[in-house]
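Hi,

Here is the structure I promised to pass on. Have a look at it first, and then read on for what turned up.

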Amino acid sequence: MARSWVTPLLFLLPAFAVYAAFALYPLGRAAQFSLFEWRGFGASTFVGLQNYVDLAGDAAFRAAIGNALVLIVFYAVIPLVVGLVLAAILRRGQVRGMGFFRTVIFLPQVIALVVVAVAWRQIYSPVGPLNQVLEAVGLGGLTRGWLGDPGTALASVGFIGTWVEMGLVMLLMLSGMSRIPAELFEAARLDGAGPVKEFFAITLPAVRGEITVALVLTIIAALKTFDLVYMTTSGGPGNSTTVPSYEVYFRAFDLREVGSASAVAIVLTLLIFAINVGVTRIGERES
Amino acid sequence: MRRRHFLGTSAALGGLGLLAACAPGSDGGGGDASDGGGPAAGDVETDIASLGDVTLTVWDQEVRGAQNDAIEALITAFQEKYPNVTVDRQSQSFDDLQQQTGLALSGNDVPDVLQVNNARGDMGAYVADQLLTDLTGYAEAYGWEDRFSDSVLAKMRYSADGVTFGEGALYGLAQTGEICGIYYSQKKLDELGLEAPATWDELFALVDAAKEAGEQPIMLGNLDQWPALHVFGPLQANFVPAEEIVTLGMGNAGADWTSEQNVAALTQLAEWGTSGAMGDSPNGLAYDDAWPLYTKGTGVLLIGGSWLAPDMEAVMGEDLRFMAPPPGADGAVATTGGTGIPFSIPAAAENKDVAAAYIDFLTSDEAMQLIADNGGMPVNRTAELAPESGVNKDVYEAFDAVSTDGTLLPYLDYATPSFADTAGATLQEVIGGQTEPAAAADALQEDYAAFTEGS
């Protein structure tokens, strides 16, 4: 007796209705808005793909995309490398107060990003703790307004991201490593492998799945950064720290170019999607 | 495979949504109900008591301590004067109000009185869409043109098509005033053996002298990008005729950012920025960190808005003084300043006559007294209401001098919807030395020209 094909769909319906109402419909509307020239109120003009064409020649938009790609290094790559090494060390050594350290390193994930941004703005201030420490240790020549110098602003914002994401990555890695049977390490040690060899031969391949998850999460965080930039630099100095999400906000609410803002949002969505499909594919293929 | 199928379904559904939804903004609104034209003076009903029971809906953003106290007191007094009127007041922060005003005005259920920011991106856009009432008739009936100085009223005037800013019909009325000027520490000037500068040359000399004495001449925190506009505005008036700055600042056609005088003004700002006259890293310091530093003794001068006076005075007391900038290029004093957020009447408002009476009451002589009593700066009668002593005495006198005898220059970011960003980023680069003054002038001109030629 063949079951009706409708039944499983009915089970899916409630969840799908919520998903459609709060995710698909807004996405569809954003895609639609991106084809119009509209100020958010009053009449709108259909302009087809003109908003996208304009973006191609828009220096601020290109700067935003470029900055977002740089931020991936700070949000995803550095936390991954550091998180892996930290986790490997924590797993090996019998560190006293392990729970305490784990909590401290994970703490940035729990604090609201606005609070994080305000705190770091103080740290980076020309009269802030960072410069005071540099002065105290005789590196007064390095002091500067970290967020006000175009050469350091993006890296300074990025480093906040590193600080925030590191705990998440480390925790993921630790949980992955805890699944590795202790016999494997014992066998490797009997074969004469040192800590480094052990790391590359056993630990790293075993946490490949966790690495993929960590990369997906942190890359998404990097590409959709908004709060940190909004609260620390407003995209400045000049355009040196503007990011796509900030451009969306700025275009929609300050310039009242809802069409252009939606176009940026759609491009950003596609970019996040494409990069993460790539990461997932690589992660799955090799495992 | 399953995932691809799911994605396909999602895309198809999204597509359906696209087809089903109507074009943004096409579902009509209250804006159609009226053409934004206001009544003639003869048609204005000023006898509010005769109108029967009325509930007046008011949206404002006067939420901070002293402002809130003043408005509450005024509303109570207004209701006592007209027992048949009940004021339904809804207040929220400036940002919140500003972001929903567009949607609110295009709907059918609009407030009777609403605070609308003067800038082109806000008031200008609503005027162009005929969402606000022309108040010219009310101004005549209530004598607002005698009550306010022209320089102040100009900040709330637009042509009916929203293209010209600063002339034309009146679309709002403000209660309070504000002005950018120069704060100085009397103690520090005494130590340097100098007087408050009477000319710009004296001011430049003061900056040099302070620097030689090892002081930071000017305090600026420009991480937020916009604070530099409040320094550049007064400085620009030393190089560029006020009339030209007004044209540039209001985004009207006919002026040029790349003129020799504008480049000279930008060059002076660059000189201050790169020589360290404004500290080692003004672009790295936040606005709200800068003025507390000033109150603790860093910096001889601080160029900024009058709204900082009460908080800074709380720390510095009598040491803190304020002055309007020295006379500008054309001999008269001119500086950036303007009004608080004006009160406007939406085109679709139900009780326009009562709304106008309310706005009249908010800007009356008694209201000015009440605002002054609560520590704010009233837009009218400023000189006579000035306190006996303290920095607010300086502030009141400076505002009065500029608004009656000089020119209140518009905030430069009024000019075009994108000018806040363009000017903020450009001035930051000028101060940081990353952009040459001439190139900065080109960038500003590009934004200004694109707007004035496009409209």
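Which residues have the most contacts inside the largest nonpolar core? They are Met173(A), Val264(A), Val113(B), Tyr171(B), Leu269(B), Ala355(B) and Tyr358(B), and that core has 196 residues. A nonpolar core here is a set of buried Ala, Val, Leu, Ile, Met, Phe, Trp, Tyr and Cys residues joined through C-beta atoms within 7 Å. Buried means that 20 or more other C-beta atoms lie within 10 Å of a residue's own; with 12 or fewer the residue is exposed, in between it is partly exposed, and the C-beta atoms are placed from the backbone.

Some housekeeping before the rest. This is a predicted model, in which local features need pLDDT of at least 70 and side-chain atom pairs count only at pLDDT 80 or more, while totals for chains, interfaces and linings use all residues. Residues are numbered from 1 along each chain as its sequence is written, and chains are lettered from A and ligands numbered from 1 in the order in which they are written.

To see one spot in it, go to Leu269(B), which touches Phe232(B), Leu235(B), Leu427(B), Val430(B) and Ile431(B), leaving out residues up to four places away in sequence. As a general point, nonpolar side chains in soluble globular proteins tend to be buried together.

Now the two chains. Chain A has 13 helices and two strands, and 39% of its 287 residues are buried. Its C-alpha trace spans about 80 × 75 × 30 Å along the principal axes. Chain B has 19 helices and twelve strands. Its radius of gyration is 24 Å, close to the 23 Å from the globule rule for 455 residues, so chain B is as compact as a globular protein of that length. (That radius is taken over C-alpha atoms, and the rule is 2.2 Å times the number of residues to the power 0.38.) In chain B, 54% of the 455 residues are buried.

Where do the chains meet? In all, 41 residues of chain A are in contact with 40 residues of chain B, contact meaning C-beta atoms, placed from the backbone, within 7 Å. On chain A, helices H1 (6-33), H5 (113-124) and H12 (244-254) each give two or more residues to that side, and H1(A) has the largest share, nine residues.

- Strand S8 (residues 301-305) pairs with S6(B) over five bridges, and Cys180(B) has Gly305(B) as its bridge partner.
- Strand S9 (residues 320-323) is joined to S6(B) by four bridges, with Tyr184(B) opposite Arg321(B).
- Strand S10 (residues 334-339) pairs with S6(B) over three bridges, and Ile179(B) has Gly337(B) as its partner there.

Cheers

Notes:
Two residues are in contact if their C-beta atoms, placed from the backbone, lie within 7 Å. Two strands pair if DSSP finds at least two bridges between them.
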